[in-house]
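Student: Before I plan anything around this protein, could we go through the model together? I would like to start with one of its loops.

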Amino acid sequence: MAVDNKFLIRKIKGLAKAYVMFSRVTRHPFAVCDEETFDDQLWLFSTEESVKDTAQKFLEKGYPIYGVTFEKDRLGIFFAEAHALGFNQVVFMDGDRKSCVGLVEIIPEPDFSKLPVERRPVLNPALQLSSLYFMQELSRQIPAEEKTNLQELEEELAANLSKSRLMIPVVGKKLFKPGDKLEKGSFDLTFVKDKEGVMFLPVFSDVLEFNLFNDKKQFQGVVMTIDQLRPLVQGKCEGMIVNPRSMALKLTPKMIDGILKRFFEF
């Protein structure tokens with residue numbers, strides 16, 4: 001029987017402040033897969049005390065967690081961006097009372113299906129979600145032998161990387177339009193260095209992650225697939241770093257070649 005969540009949704013939208021569990025590793029909402037329904041959940045709280053209590057339980061399981069405060073005027077943007085991260089359900093903790101509601105019931109998912117592929121914004125919710133789960137488990141502070149599902153999570157992440165449209169920042173010598181082919185000499189690549197001074201090619205899973213990096217609007221975003229990006233990793237560049245402003249997932253040339261070998265035919 002369908003559940004009427006209108007009262008619950010009004011209460012969520014009416015919160016003056018809300019609190020969300022975030023992962024210190026991904027810098028995104030902490031992702032929880034429901035063991036019974038397999039819904040991909042983010043957890044929302046009405047009080048700061050409640051988010052601290054729940055975060056402590058996850059900390060005891062080895063997950064680096066913290067609470068983030070959202071004012072009312074930021075909640076709508078937060079829920080819209082949660083679609084891009086692959087979440088489909090919100091767990092709302094109002095004190096000790098736990099409720100679940102579909103994310104689409106709070107805010108509809110944008111539909112870009114009528115746009116030509118080359119004009120659709122780059123969004124990869126499946127890739128983002130699989131990245132969240134993988135990085136959360138990889139960084140979990142427990143013995144390595146207890147991370148029994150890490151290989152499965154890595155396989156899902158690799159599969160999503162292989163079929164995603166990705167973005168890289170370039171300094172173009174002209175304004176590129178969607179669908180334009182990059183000609184040699186028409187752009188300069190941008191690289192970043194980690195804390196050890198190792199150089200990586202920054203790669204972005206979606207336009208939201210790209211905009212975090214391009215906050216000063218000095219770059220153009222170019223869309224490519226991982227097999228097209230592989231030749232750019234050469235010389236002093238020692239790999240790709242996916243979403244450097246959030247989860248900063250590093251891929252060495254060996255890892256990239258492994259993905260290409262598994263999911264591409266040459």
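**Loops, burial and overall form**

Tutor: A248 sits in the loop that links β12 and β13, where strands (E, at least two residues) and helices (H or I, at least four) are DSSP runs numbered from the N terminus. This is a predicted model, in which local features need pLDDT of at least 70 and side-chain atom pairs count only at pLDDT 80 or more, while totals for chains, interfaces and linings use all residues. Residues are numbered from 1 along each chain as its sequence is written, and side-chain values use heavy atoms, with hydrogens and water left out.

Student: What is the phi of A248, and how exposed is A248?

Tutor: The phi of A248 is positive, about 50°, although the residue is not a glycine. Its relative accessibility of 27% makes A248 partly exposed, given that buried means under 20% relative accessible area, exposed means over 50% and partly exposed lies in between (1.4 Å probe, protein chains only).

Student: Switching to helices, which residues of α3 are buried?

Tutor: In helix α3, which covers residues 72-84, the buried residues are L75, F78, F79, A82, H83 and A84. After α3 comes G86, with a positive phi near 95°.

Student: Where is R140, and what does R140 touch?

Tutor: R140 is in the loop between α5 and α6, and with 19% relative accessibility R140 counts as buried. Not counting residues up to four places away in sequence, R140 touches K61, G62, Y63 and K147.

Student: What about P143, how far is P143 from G62?

Tutor: The C-alpha atoms of P143 and G62 are 9.7 Å apart in space, although the two residues are 81 apart in sequence. P143 lies in the loop between α5 (125-138) and α6, and its relative accessibility of 37% makes P143 partly exposed.

Student: Zooming out, how many helices and strands are there?

Tutor: The protein chain has nine helices and 13 strands. Its radius of gyration, taken over C-alpha atoms, is 20 Å, close to the 18 Å that the globule rule (2.2 Å times the number of residues to the power 0.38) gives for 266 residues, so the chain is as compact as a globular protein of that length.

Student: How much of the chain is buried, and what are its spans?

Tutor: Of the 266 residues, 47% count as buried, and the C-alpha trace spans about 60 × 45 × 35 Å along its principal axes.

Definitions and conventions. Contact means heavy atoms within 4.5 Å.
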